[in-house]
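Let's walk through this structure together, starting inside and working out to where the chains meet. Have the model open as you read.

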2 protein chains.
Amino acid sequence: ALATPALAQAMPEVRWRAASSFPRVFDILYGTLERIAARVAQLTDGRFRIQTFPAGEIVGGLQVLDAVQAGTLEAGHTASYYYIGKDVAFVPFTAMSFGLTSRQMSAWFRQGGGNELAAELFRDYSIVAHTAGDTGAQMGGWFRNEITSVEQLRGLKFRITGLAGQLFNRLGAAATLVAPADIYPSLERGVLDAVEFVGPHDDERANYVRVARYYYAPGFWEPGARLHFMMNQRAHAALPDLYKHAIEVACAEADADMTARYDAANPQALRRLVAAGAQLRFWPRPVLEAAWKANEAMNADLARGNPRFAKIMESYLRFRTEQYQWFRVAENSFDNFAFSAAQTVR
Amino acid sequence: ALATPALAQAMPEVRWRAASSFPRVFDILYGTLERIAARVAQLTDGRFRIQTFPAGEIVGGLQVLDAVQAGTLEAGHTASYYYIGKDVAFVPFTAMSFGLTSRQMSAWFRQGGGNELAAELFRDYSIVAHTAGDTGAQMGGWFRNEITSVEQLRGLKFRITGLAGQLFNRLGAAATLVAPADIYPSLERGVLDAVEFVGPHDDERANYVRVARYYYAPGFWEPGARLHFMMNQRAHAALPDLYKHAIEVACAEADADMTARYDAANPQALRRLVAAGAQLRFWPRPVLEAAWKANEAMNADLARGNPRFAKIMESYLRFRTEQYQWFRVAENSFDNFAFSAAQTVR
């Protein structure tokens, strides 16, 4: 049906294309973009349609920001830390080692200045963005051998990228870049010793359990990983206000929805992984302590060379200090008793 | 301006009134309703206006469900556990002792059947509802004297209501109902020994620190407290789909937004309370263990007498078992190291 003039003016027909950084097989990740698009359609009586594409169909998973900046695509769903090659300042908006948890990230973005700092950075790339989904704390990945000391990290060929890879290199490991399709055979042949990924739900699909059965917790470099829905600035500016609000609120819903999906799916996936032979291990405390110290030093070094990163981290770390102190009081004291009470209270 | 016919048909002018269960002084609680209304207005170009009222202006804070059921008001923002007098089955949709945390509640509502179970109950009261905000884990309240053993709970005159009050009575305390305005003088004169409320941000305004300085953590009876935006079924059914979606998504945003506001405000409020003389204390483990056992017994007793409560709790507790197991792996192991690392790693 053709819209009548008054309606066409208030709610014009708009078509956008949006690419995800994730392939379809990672259903919660890719599905979040589909759900944002569906919600925007509902909020505009179907007049604003966003067509979604998995990684690789229009652009590669790591090219989403560039395509949106260039206007090749109006929008994309991606993790800002993929663009560390442009500026390390992109990293804190996704995840930092020993950083804010997913809930604390929500508080920082909404109430602690995080959204404003992100907007400043994205503006330089002609991008407007909203946070749009979080994985929750991730797992530490799959290892062929047990790690019982810091020394065992020396020379470890670990498939881990970005700032977390630089951190492991400081600990003596050899962060190694291997194309996704080569990870499994590389582990099998011992070209790789370990690989990190997301959490049980996504890790189960990758099936690394068969070639590297020690499964470590936690992924201390991703205590949450926040995604962003990025939009080309000009495309965004051309939207009626109602459509801008529809996108903003659909992204806010995605923040809650994606984590809920992971939280519901992960327990069952972890149970199946353990049944398939996964050996669950926690990092030895000396490893965590060495990583904590190396991370503090690395962030300080990076801040010295990058005023933008320094400014973001000043806000981020001040907020982290407050959040960590407060979360120890009510949240963590509850969790520490309740999560194990069924096993420990007799 | 008058809407032209096509627009008036798609987006008619609608006016609703919505009451909050909270007075204006509790700015995050009451403000959440204001923000939902503002967001709905943005999503409808100002054509769907919800006028908001704090507790006591149209109906009392505990009369919101009744007013919405009767159609006196189209909507309200409230906690379903206030209606325990009608049915104890209302309680799990807000908070249960040693129950799901706020994040786990999101997973249960969205992915574990919680929303469907809530809808079944609300339908009997001619109400359609969405979850709309969560406080996060609450504090355990203000005590005139230190609690160092389970025995000290005997005869304790504790201002605590609902199912948590029944739990404390099982532990030997005397849960006492005192009107809000009388709490402070009752603590001062020793008519009350203790009072529980929310968390630092709201507790600071009540100023109980001056008459009961021991401040306990955690509020194990509210590891999160989820609010609902309730709508009269007929009023809801009369809305165009776009308006229904606008409300639903505004409520989903409120879930994320309210917790972020509490998380950002609580650390600073706690610091000021400690400066004002609050003595922070954690529950002794024997108190937590006695409460855990009494709570399991109480819930089993209640389920025997109420098939609806039994059905809800069957879903809730099954989900809790999975969530608790999974959250110990990545989330809790991260928290336990990171939240104190700045103090413990040398």
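Which residues have the most contacts inside the largest nonpolar core? Keep in mind that this is a predicted model. The core in question has 87 residues, and those with the most contacts inside it are A:Trp142, B:Phe98, B:Trp108, B:Phe143, B:Phe168, B:Phe220 and B:Trp283. Its largest share, nine residues, comes from helix H12 (residues 307-329) of chain B. A second, separate core has 86 residues, including A:Val68, A:Phe90, A:Leu121 and B:Trp142.

Take a moment to look around A:Trp142. Beyond its neighbours within four places in sequence, A:Trp142 is in contact with A:Asp193, A:Tyr208, A:Arg213, A:Tyr215 and A:Leu273, among others.

Now turn to a strand in chain B. Strand E4 (residues 127-134) of chain B is mostly covered, with six of its eight residues buried. E4(B) pairs in the antiparallel sense with strand E10 (residues 226-232) of chain B, over six bridges.

Finally, let's look at where the chains meet. Chain A and chain B each bring 81 residues to the contact, and about 7200 Å² of area is buried between them, 65% of it from carbon and sulfur atoms. Polar groups take part as well: 27 residue pairs are in polar contact between the two chains, and the interface holds 10 salt bridges. One salt bridge joins the side chains of A:Glu248 and B:Arg39, at 3.4 Å from N to O. On the side of chain A that touches chain B, helices H1, H2, H4, H10, H11, H12 and H13 and strand E11 of chain A each supply at least two residues. The largest share of that side, 20 residues, comes from H10(A).

Definitions and conventions: Residues are numbered from 1 along each chain as its sequence is written. Chains are lettered from A and ligands numbered from 1 in the order in which they are written. This is a predicted model: local features need pLDDT of at least 70, side-chain atom pairs count only at pLDDT 80 or more; totals for chains, interfaces and linings use all residues. Side-chain values use heavy atoms; hydrogens and water are left out. Buried means under 20% relative accessible area, exposed over 50%, partly exposed in between (1.4 Å probe, protein chains only). Helices (H or I, at least four residues) and strands (E, at least two) are DSSP runs, numbered from the N terminus. Two strands pair if DSSP finds at least two bridges between them. A nonpolar core is a set of buried Ala, Val, Leu, Ile, Met, Phe, Trp, Tyr and Cys residues joined through side-chain atoms within 4.5 Å. Contact means heavy atoms within 4.5 Å. Buried area is the accessible area (1.4 Å probe) that two parts lose on being put together, summed over both. A salt bridge is a side-chain nitrogen of Lys or Arg within 4 Å of a carboxyl oxygen of Asp or Glu. A polar contact is a pair of N or O atoms within 3.5 Å; within protein, one must be able to donate a hydrogen and the other to accept it, and residues adjacent in sequence count only if both atoms are side-chain atoms.
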